[in-house]
Amino acid sequence: MIAANKLYHRHLVLIVDDQEINRDVLGVILEDNYDLLYAPDGQKAMELIRQYHDKLSIILLDLMMPVMDGFEVLDQLSSDQLLRNIPVIVLTAEKNAELKALKAGALDFITKPFDMHEVILARVKRIIELSDGQQLIRNAEKDPISGLYSRNFFKEYVERIYSYQSNMHMDAIVLNIDHFHSINNLNGRIFGDKVLQKIGDVITCFLNDVYGIASRLEADYYYIYCEHQEDYDSILELFQSAISESFPNTAIILRMGVKPWKDELDPFVMFDRAKTACDMMRGNYVTHLMIFNESMLQKEIYNQRLLNDLRSALDEHQFIVFYQPKYNIQCDPPKLSSAEALIRWKHPELGMISPGDFIPLFESYGLIHFIDEYVWNEAARQIAKWRDELGFTLPMSVNLSRTDIFDSNLEQKLLVIINKNGLTPDSMKLEVTESAYTDNANQLISVIEKLRMDGFQIEMDDFGSGYSSLNMLSSLPIDVLKIDMKFIQNIHQGSKEFRLVELILDIARYLNVPVVAEGVETQEQCDLLRGSGCELVQGYFFSRPLPPQDFEPLIHKEIALNR
Ligand code: C2E
Ligand code: CA
Ligand code: CA
C-alpha cells in the first residue's frame with residue numbers, strides 16, 4: 001500500500017477510531033482516492049505516525065478511545081517538531097468536544113454518525129490541499145537561484161551545528177562578487193542570475209568534500225559554515241577558476257572574508273567578522289582574500305558607538321518616525337486605509353542611519369524596547385494630531401519586537417499611550433513577525449489574546465518567512481496577514497512566485513483574514529494582486545515611507561476623494 005503511495009503519488013491517510021465499524025465506513029468512503037492506514041487507539045496511532053510521518057498527508061482522529069484518547073494524540077503531535085505539520089481532522093459525536101479539539105490544534109471536524117460521503121471527501125481534500133500549499137511555501141525557502149539554503153534555514157542549521165556538534169571546529173566564510181551591480185547592469189539580469197547560480201554550484205561542489213552548509217544570505221553574499229580549513233588561498237582559487245572558466249568573456253572577481261574557528265565564539269559573531277573582513281576589500285583591486293584579525297574591529301567599534309549613543313539620541317529626539325501608507329486596492333480609486341510607522345535615526349555626526357543597521361543590534365542587546373516605545377508614542381501622537389487638525393483618523397501599524405511580547409507591562413504601556421492621546425485601540429495595529437510566533441508559541445498566544453480583547457488588531461508580519469504550520473496558524477489569534485516582500489518582488493503572470501502568492505491568499509481566505517502585500521513596486525505587481533483578491537498593498541509603488549509633513553498631502557487627497 002505504501003509502495004503504491006509512492007508510485008502514484010496518492011496521499012496517505014491515517015484513520016484512528018476504536019470502533020471497527022467507523023474505520024470501515026471511512027475506509028469505504030476514502031479508498032478510491034487515498035491510500036489508507038488504520039489504528040484502533042491513540043497509542044497505535046502514534047506508532048504509525050512516527051513510522052510514516054514523512055508520507056502521511058492527514059489524520060482522521062476519533063477523540064474518545066481506550067488506551068490513549070485523541071486529545072493526548074493532538075497534544076503529542078503539537079509538541080513534536082517533526083509531527084506538528086501533519087493536519088488533523090477530528091471525528092466526534094459530541095458538540096462540546098469540537099471546540100476543544102480545534103483549540104488543541106485540529107483543523108476541522110467530521111461529525112458522527114457519518115452520513116454525507118461527499119462532504120467528508122470534500123473536507124479531507126480541502127485540508128490536504130491547504131496543507132500541501134503550506135509545504136510548497138516552506139520549500140520555497142531554498143533559494144531557487146543558487147540552490148543553497150535560504151536565510152532562515154541556514155540560520156537554524158548553523159545554530160544546530162553549533163549547539164549539538166560543539167566538538168566540530170567550524171569556520172565562517174563570506175564570499176562576495178566584486179562590482180556585481182555593474183555586472184548585472186552591463187550584462188542583464190539573466191546573466192547575473194547565471195553567475196549567482198554558478199557560484200551556488202561551485203560551493204555545493206566544495207561542500208561535497210568538506211563538511212558544512214551554505215546560503216546566499218542576501219543579493220551576492222554567500223555564507224559558508226564549514227569545518228576548519230588551513231589553506232584559504234586555494235579555496236578561493238578553486239572558486240575563482242571555476243567561475244572564470246564558466247564566464248571567459250566577463251571579468252568576475254570573487255572576494256572572500258574568513259573568520260577562522262575560535263573556541264566559544266557564536267557563529268553569527270563569526271559571520272559578522274568574516275563579512276567585515278570581506279567588505280574591507282571593497283575598492284581594493286589587489287587583495288581578494290582577507291582573514292579577520294583583531295585590528296579589524298571597526299564595525300564592532302561602530303556598533304559600540306551606536307549602543308553608547310542610544311540614550312542621548314532618545315533624549316535629543318534624533319529618532320524620527322516615517323509613515324508608509326497602505327492602500328485598499330479593491331477600491332477604485334485605491335483607498336488610503338492605514339499606515340506603518342517606521343523608525344529612522346538622524347545621527348548628528350554619522351548622518352541618516354537605516355533601521356537595518358541598528359534594530360538587530362539593539363534587539364540583540366535587549367534595548368529595542370526603548371525604540372519601540374518611542375515609536376508607539378510618536379505614532380499615537382501623530383494619529384491624534386491628524387485627527388484634530390485634519391479631521392481624519394488614520395489607523396497606524398507599529399512594529400513589536402519579540403522581546404516586547406515578553407514584557408509583562410506591555411499591555412499596560414500600550415493602553416496608557418492610547419488613553420493619553422484619546423484614542424481607541426482599534427486605531428493602533430500591532431505587527432508581529434511570523435518567526436516570533438514559532439519561537440515561543442504558547443506564551444505569545446496568551447499575550448496576543450489579551451491585547452486583542454482590549455481591541456488591538458494583530459498583523460502577522462513577514463508571513464512566509466517563518467515556520468508556522470497550518471495547524472498552528474488556524475489556532476493563532478491574528479487579524480491580518482502581511483506577505484513577506486520576497487514573495488512579491490518576482491511575481492509575473494504564470495510565474496512560480498505568483499502561484500505561491502495565490503497559495504498564501506488561499507490560506508488567508510481559509511483563516512478568514514485580509515492580506516497586506518508588502519514591497520509592491522510596480523503597476524504589474526499591483527494589478528496581479530488586485531486580480532487575485534489581495535485587499536491591501538504597501539510599497540514604493542504607492543509611496544516610500546515619508547516624514548509626517550510629506551505624508552499629509554496623501555491624507556488631504558483622501559479627504560478630497562471622500563467629499
Ligand atoms: P518591516 O517591518 O518588514 O518594514 C518594511 C520595510 O520594507 C521598511 O524598511 C520599508 O521601508 C521597506 N519597504 C517598503 N516598501 C518597499 C518596497 O516597495 N520595496 C522595497 N525594496 N522595500 C520596501 P525599513 O524602514 O528600512 O525597515 C526595516 C525593518 O526594520 C522593518 O521591516 C522592521 O523589521 C524594522 N523596523 C523599522 N522600524 C521599527 C520599529 O519601530 N521597531 C522595530 N522593532 N522594528 C522596526
Ligand atoms: Ca513591519
Ligand atoms: Ca514586513
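A nitrogen atom of ligand 1 sits 2.9 Å from an N or O atom in the side chain of Gln324. That is a polar contact, meaning a pair of N or O atoms within 3.5 Å; within protein, one must be able to donate a hydrogen and the other to accept it, and residues adjacent in sequence count only if both atoms are side-chain atoms. The model is predicted: local features need pLDDT of at least 70, side-chain atom pairs count only at pLDDT 80 or more, and totals for chains, interfaces and linings use all residues. Residues are numbered from 1 along each chain as its sequence is written, chains are lettered from A and ligands numbered from 1 in the order in which they are written, and side-chain values use heavy atoms, with hydrogens and water left out.

**Ligand 1: polar contacts and cover**

- Ser401 places a polar side-chain atom 2.9 Å from a nitrogen atom of ligand 1.
- Tyr540 uses its backbone: a polar atom there is 2.8 Å from an oxygen atom of the ligand.
- On its own, ligand 1 has 800 Å² of accessible area, and the protein covers 81% of this. Such areas come from the Shrake-Rupley method with a 1.4 Å probe; for residues, only the protein chains shown count as cover.

**Ligand 1: the shell**

- Ligand 1 is surrounded by 21 residues. A residue is near a molecule or strand if one of its heavy atoms lies within 4 Å of it.
- Arg344, Asp372, Met485, Glu521 and Tyr540 are the closest.
- By type, the shell holds 9 nonpolar, 5 polar and 7 charged residues. Ala, Val, Leu, Ile, Met, Phe, Trp, Tyr, Cys and Pro count as nonpolar; Asp, Glu, Lys and Arg count as charged; the others, Gly among them, count as polar.
- Strand E12 (335–347), helix H13 (355–364), helix H14 (368–390) and strand E16 (457–463) each supply at least two shell residues. Helices (H or I, at least four residues) and strands (E, at least two) are DSSP runs, numbered from the N terminus.
- E12 gives the most, with 4 residues.

- Glu521 lies in the loop between strand E18 (515–518) and helix H22 (523–531).
- Its relative accessible area is 40%, so Glu521 is partly exposed. Buried means under 20%, exposed over 50%, and partly exposed in between (1.4 Å probe, protein chains only).
- Beyond its neighbours within four places in sequence, Glu521 is in contact with Gln489, Tyr540 and Phe541. Contact means heavy atoms within 4.5 Å.
- The C-alpha atoms of Glu521 and Val480 are separated by 21 Å, and the two residues are 41 apart along the chain.

**Helix H4 and its buried side**

- Helix H4 spans residues 70–78, and its buried residues are Gly70, Phe71, Val73, Leu74 and Leu77.
- They cover an arc of only 160° around the axis, so they are on the same side of H4. The arc is that of the directions from the helix axis to the C-beta atoms.
- An α-helix has 3.6 residues a turn, so residues three or four places apart point the same way.
- The buried residues of H4 pack against helix H3 (42–52), strand E3 (56–62), strand E4 (88–92) and helix H5 (95–103).
- At the start of H4, a side-chain oxygen of Asp69 comes within 3.2 Å of the backbone nitrogen of Phe71.

- Asn421 lies between helix H16 (410–420) and strand E15 (428–433).
- At a relative accessible area of 13%, Asn421 is buried.
- The Asn421 side chain reaches the backbone oxygen of Ile417 at 2.9 Å.
- Not counting residues up to four places away in sequence, Asn421 touches Ala380, Arg381, Ala384 and Arg387.
- Gln229 is in the loop between strand E8 (221–227) and helix H10 (232–246).
- Gln229 counts as buried, at 16% relative accessibility.
- A polar atom of the Gln229 side chain lies 2.9 Å from the backbone oxygen of Glu227.

**Backbone geometry**

- Lys112 and Pro113 are joined by a cis peptide bond, with omega about -5°.
- Pro113 is in the loop between strand E5 (108–111) and helix H6 (117–139).
- The peptide bond from Asp332 to Pro333 is also cis, with omega near 0°.
- Ala219 is not a glycine, yet has a positive phi of about 35°. Ala219 counts as exposed, at 52% relative accessibility.
- His317 has a positive phi too, near 55°. His317 is exposed, with a relative accessible area of 55%.
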